[in-house]
Amino acid sequence: MEQITVKRGRGRPPKQLQKTPTGVGSTPSAPEFQKPNASNNNSVEGSPNGDIEMLESILPGMSSRRRGRPRKHPLENGSASGFDKPIGQENISGVDPKDLKKMKTERSLESPLRRSSRYTLSSPHSLSDVIRQNANADSVADDVKGSPFMNAVVKVFCVHTEPNFSLPWQRKRQFSSNSSGFIIDGRRVLTNAHSVEHHTQVKLKKRGSDTKYLATVLAIGTECDIAMLTVSDDEFWEGVSPVQFGALPTLQDAVTVVGYPIGGDTISVTSGVVSRIEVLSYVHGATELLGVQIDAAINAGNSGGPAFNDKGQCVGIAFQSLKHEDAENIGYVIPTPVITHFITDYERSGDYTGFPILGIEWQKMENPDLRIAMGMLSTQKGVRVRRVEPTAPAAKFLRSSDILLSFDAIDIANDGTVPFRRGERIGFSYLVSKKYTGEHARVKILRESEYHEFDIELSTHKRLVPAHIKGKPPSYYIIAGFVFSALSVPYLRSEYGKDYDYDAPVKLLDKLLHSMARTEDEQLVVISQVLVADINIGYEDIVNTQVLAFNGVHVKNLRHLADMVENCEDEFLRFDLEYQQIVVLATKKSKEATPDILATHCIPSAISDDLKTSYVVIQSKNEWDLFTGIEQDLNYHGNSHAITDKMWAA
């Protein structure tokens, strides 16, 4: 199985200019950040750094060729790239020779970059079809250039200060990034969440203006990768018409992406068509929502920019693109249903509450023998419930091996899809994502050949290993030089880099991919590092190892551990770790040595501010023994890297 990586519209230096495979005029895309997605076999790339890395300038004189093909000059000497014989001999174009001569003359006046992108042809199409398709996309771009809503597209300047997970009592050096955004009704601006992640200061600049206006972040939607901003200065809103949203586009609809990508300081317009509409992985959000694939270039700096249809309506927000050796010029935009959900959610609650989930993992029922064994009739279709999230409301109603037949009276097929539009099907998680947190859904199941219907409340996903810390500083606790932290995806990325899904300890990756939280406040606590001192001789090599219990009591979260250690009156402090390791320290000596260790490493406090309130729940040793048995039942040890056996989350 080939590995596919997904990238956001920002990141690394481009290696070379690329041609569009469809023949639609666009600018080349550039490789960018990556980030993993535990729900499928695809390795997904991402970075909290935003559009901050300086990329190489794209020079007009650079040439572009498809890999493995000889260099050809389009429409030169009566031939075009993608055709083996001169056009005049084949007579397949239906284009008048005078028109060809005129096109050749116009081509000589254009920049090399535009020529290479505009006239890339593919063999299955006739020349006239390709010219017509390019003319359609270019006409949309020309219409957009002079449209008033172009003034609603703004450039976003953000200064970020990321947490330092290796040294959680301080932050990393600040850095800046540039991205795009656009003005909507209500004196608000939309951009990508990754564009303002860990923001210290955000400024906006309008098209044609030399003034940067300070902006306030109203809400950040991590799952959908959308952020909402506002500006208090009335001058910013003068002479600007807000962007209006259009309906979800259809296949082959022309789209134009507007923004401030790398390669210059002024506004940029690229055009293409809608290639695909489906539920896809959102890199930044580590979730799956409805997305639109286009063939318009989405480069660093395009993030947060609008995608317009031929009516001048916004049909999406540029946010990521596909990076693969066999794929070229594939970009993704957040469609209007997801954008509308984010805005409505904010208007309802005054904050972003997130996209709800049903809280199950499910299995396809395409095998006929499996359906017979589960008591299904030949006319029945559905999916099998593998596991139910213990923290989800669905845990009160659903069980393992239930057959989910319908969601809100819409039948679910054996492959987990539901009808979408004429001739299209989509994953049933799309129906769940249309709901809002706290709403209810009617679910029909088959259990032991009997029908059951339940009214289930939908809630947000409580991950045992969070994908984001949502702007909060990381928690930590220090005793005798041992630095305890709570495990999260940003923590793993900080410790092991973008390839943490290969380099991190197997036990931690297993918990990330397969374990479920049993309570709302459960955390995985690890020993991040050991600050060397006389008190901890022999323990220096313990790094990123999970803490299971303290003095025989199961560790529920980091606050619980800190409270137990601080109030311990036993002679020794005993920590039970993963891999059957133990750490034993003298209680009195450990507490006496801690202040000197903090002073040596210039650490202001042994405990983070959020942990300074006491954790009141104290568990017994019997509860710890019970936990170790439950943990073995809940943890699934399958192969998450096989597409056919991936964990489907609804």
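**The nonpolar cores**

Reply: The largest nonpolar core has 89 residues, and the members that touch the most others in it are Leu190, Leu204, Phe236, Ile294, Phe342, Leu404 and Phe407. Strand E13 (residues 314-323) gives the most to this core, with 6 residues. Another core lies apart from it, with 27 residues, among them Ile542, Leu558, Val565 and Leu577. Bear in mind that this is a predicted model.

Me: What does Phe342 touch, leaving out residues up to four places away in sequence?

Reply: Phe342 touches Leu190, Ala219, Ile220, Gly221, Cys224, Ile226, Ala227, Met228 and Tyr352. Helix H5 (residues 336-349) lies across strand E4 (175-184), E5, E7 and E8, and runs at about 50° to E8.

**The barrel**

Me: What makes the strands E3-E4-E5-E8-E7-E6 a barrel?

Reply: The 6 strands, taken in that order, form a closed barrel with antiparallel pairing. Neighbouring strands of this sheet are turned by 40° against each other on average, with direction ignored.

Me: How do you know that E3 and E6 are paired?

Reply: Count the bridges. Two strands pair if there are at least two bridges between them, and strand E3 (residues 153-160) has 7 to strand E6 (residues 199-206), so the pair qualifies. The two run antiparallel, and Val154 has Lys206 in E6 as its bridge partner.

Me: How many bridges join E6 to E7, and how many join E5 to E8?

Reply: E6 is joined to strand E7 (residues 212-221) by 4 bridges, antiparallel; Leu204 has Tyr213 in E7 as its partner. Strand E5 (residues 188-191) is joined to strand E8 (residues 226-230) by 3, also antiparallel, with Val189 opposite Leu229 in E8. In the hairpin of E6 and E7, 5 residues sit between the strands, and Gly208 there has a positive phi near 80°.

**Backbone and loops**

Me: What about Asp408: what is its phi, and why is Asp408 called partly exposed?

Reply: The phi of Asp408 is near 55°, again a positive value in a residue other than glycine. Asp408 is in the loop between strand E17 (403-407) and strand E18 (410-411). As for the label, buried means under 20% relative accessible area and exposed means over 50%; Asp408 is at 28%, in between, so it counts as partly exposed.

Me: Why is Pro249 called buried?

Reply: Its relative accessible area is 7%, and the cut-off for buried is under 20%, so Pro249 is buried. Pro249 lies in the loop between E8 and E9. Not counting residues up to four places away in sequence, Pro249 touches Val274, Ile277, Val315 and Arg421. Pro249 and Val315 are 66 residues apart along the chain, with their C-alpha atoms separated by 6.9 Å.

**A covered helix**

Me: What makes helix H11 mostly covered?

Reply: In H11 (residues 558-566), 7 of its 9 residues are buried. The buried ones are Leu558, His560, Leu561, Ala562, Asp563, Met564 and Val565.

Me: How do you know that Asn557 caps H11?

Reply: A side-chain oxygen of Asn557 lies 3.3 Å from the backbone nitrogen of Arg559. A polar contact needs the two atoms within 3.5 Å, so this pair passes, and Asn557 caps the N-terminal end of H11.

**Cysteines and overall counts**

Me: How many disulfides does a search of the whole structure find?

Reply: The search finds 0. A pair of cysteine sulfur atoms has to lie within 2.5 Å to count.

Me: Are Cys314 and Cys602 buried or exposed?

Reply: Cys314 has a relative accessible area of 0%, under the 20% cut-off, so Cys314 is buried. Cys602 is at 67%, over 50%, so Cys602 is exposed.

Me: What do the overall counts look like for the protein?

Reply: The protein has 13 helices and 30 strands. Of its 650 residues, 56% are buried. Among contacts with a separation of 6 or more, 67% are between residues 24 or more positions apart.

Technical notes
Residues numbered from 1 in each chain as written. Predicted model: local features only at pLDDT ≥ 70, side-chain atom pairs only at ≥ 80, totals over all residues. Heavy atoms only, no water. Axes fitted to C-alpha atoms, helices over the stretch in contact; angles between N-to-C directions. Contact = heavy atoms within 4.5 Å. Core = buried A, V, L, I, M, F, W, Y, C linked by side-chain atoms within 4.5 Å. Buried < 20%, exposed > 50% of the residue type's maximum accessible area, 1.4 Å probe, protein only. Polar contact = N/O pair within 3.5 Å; in protein donor to acceptor, adjacent residues only side chain to side chain.
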